[in-house]
Amino acid sequence: MTAFVLVFAPVFTALFGILFAAVVALRPPGLALSVRVPQAHAGDAVIRTAILRFRWGLVIAWVITAIVTAVLALTGQTPLATILPVLLYAVLTVVILVINRRTILRAKREGNWFDGVPVRVSAQLTSPAPQHPSIVWPALAAVVLAIATAVDVAIYPGLPSSIPVHFDISGHADRFAAKSVWSVFGLLIIGAAVVVLLAALSVVAARYSARIQTDDTAEQSALRTQVQRTILTTLLSRVSFVIALGLSAIELIQRLAPGTSWAIGGCAIGMVVVLMAVVISAVVRGRAQLQPANVRDPRSPRPDAVDDDDHWKGGLLYVNRDDPALIVPRRFGLGWTMNLGRPAGVAITILLLVAIAALVTSVILLAHGR
Amino acid sequence: MLIDIDPDSESPLYQQLRDQVVRAIADGTLHPGESLASVRQLASQFGINSATVGKGYELLRQEGLVRTSRRSGSVVARGPADDPTPGFAADWTERLRTLLAEAVAHGLPDAAIRATTDSLLADFTAQRTDRRKSSS
């Protein structure tokens, strides 16, 4: 049990650390640690140093997280040892980002990097056709869930009237419920809901239209849009398959071979490891595919983007009253962020935060078996 | 097709948008029937007010170069192969008169003005032919 607690936070934060370090490499040349820089300065030593320090900072933050986890776990603070280090790591990452981008911001301000540089805002007048996300993985996920459901239906009449619905961290059943559709099929229903949700998200992601990086050529801009769409859709569809497979396996093991807690634990850990591999491989492949979009041809220079750093608080939060867009692509990382300069953006953000807080609270309460 | 707008320019943003669409039709980047991004899509990509983009589209509609329908959105309505709308030539001659007057007033010789117009026209034609070749 302590072993699981000792491993959880470091593994979880290592995944995010690797992801952040890799995501920095996905950046277009005009953005360095979420600071807008003109092409003429994109290769400056100050930028390379800041990025290198940011990556080392991630490693140091991870070491601190691991030490805090070990101290908490060995002093018996079990639930704290899983949650607190993850929060600590998130805070440290933001601090490291803010500190390192500040050195770039200072160099940019003192060197007047944008003085006399021609800037433009750009858009795609004819948009590339939306891609159709592959249905192979979601279909496989549905097949796996259907098989598990069929097995459950077949053995349903023979199940005891009391069903184990919750297991402690070492896999022993510690909560039971009366036999019902929910207590038997609950896990599979959650799995199906996740698959449907992720499929819906990948339809949206397939239409993902990135804000144009002004210094991209038309071809580079099209490539960037296409690669970003592909990364998001493949990630979502593969993650949905892994979750369906993992949950189906856990469901079948606990029905067909009750008491094999090690097998259930193995499935859960296997699922997390495979999810990590899926995320890392998608980012690494995307990075290779984006390579041609990050090369600048000095013979046919493109104008630079407008310096919009004032609207990006800490490089992470977007606040711009004059921008009609409610959702804008993140400058750091993949996906989107809300425009907090618009009332609707603030409202949606608050709703999301409340939803996340509710989810975390319910997971903690569940883990305590209450 | 990419459109670049200069936010610091003297020329209004909607005018820059309109001018670039007209040029793209002339040099064959945009063909009749090709569909354009909606006003909202374009405004949120640029990060500028929808009314500004709408004004640019409105100019193009008045000139008959773009038409907007509820079903297919905004599409390019004309191209170099079409006959000009009645009244266009007279209108355009008036604007050209001002442009030529500027050149003459600034002392550009007639021969230089003719050479410039010839080479600009030749550019449009050459670019159109290139695009037709590479697309077929």
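This is a predicted model: local features need pLDDT of at least 70, side-chain atom pairs count only at pLDDT 80 or more; totals for chains, interfaces and linings use all residues.

Residues are numbered from 1 along each chain as its sequence is written, while chains are lettered from A and ligands numbered from 1 in the order in which they are written.

Start with chain A. Helices (H or I, at least four residues) and strands (E, at least two) are DSSP runs, numbered from the N terminus. Helix α5 (residues 181-205) of chain A packs with α6(A) at an angle of about 175°, their axes 9 Å apart. Axes are lines fitted to C-alpha atoms, for helices over the stretch in contact, and angles run from 0 to 180 degrees between N-to-C directions. So α5(A) is roughly antiparallel to α6(A). Angles under 35 degrees count as roughly parallel, over 145 as roughly antiparallel, 65 to 115 as roughly perpendicular and the rest as oblique.

Helix α7 (residues 261-290) of chain A has 30 residues, which at 1.5 Å a residue should span 44 Å. The expected span is 1.5 Å times one less than the number of residues. The end C-alpha atoms of α7(A) are 44 Å apart, which agrees. Cys267(A), Ala282(A), Gly286(A) and Leu290(A) are buried in α7(A). A residue is buried if 20 or more other C-beta atoms lie within 10 Å of its own, exposed if 12 or fewer, and partly exposed in between, with C-beta atoms placed from the backbone. The buried residues of α7(A) pack against α6 (218-256) of chain A.

The axes of α2 (residues 39-46) and α3 (residues 50-62) of chain B come within 8 Å and cross at roughly 125°. α2(B) and α3(B) are therefore oblique to each other.

Now a strand residue. Val121(A) sits in β3 (residues 119-124) of chain A. Val121(A) is buried because 21 other C-beta atoms lie within 10 Å. Beyond its neighbours within four places in sequence, Val121(A) has contacts (C-beta atoms, placed from the backbone, within 7 Å) that include Thr214(A), Ile5(B) and Phe46(B). Asp304(A) is 183 residues from Val121(A) in sequence, yet their C-alpha atoms are 8.6 Å apart.

Finally, Ser9(B) lies in the loop between β1 (2-5) and α1 (13-26) of chain B. Ser9(B) is exposed because it has 11 other C-beta atoms within 10 Å.

Note on methods: Two residues are in contact if their C-beta atoms, placed from the backbone, lie within 7 Å.
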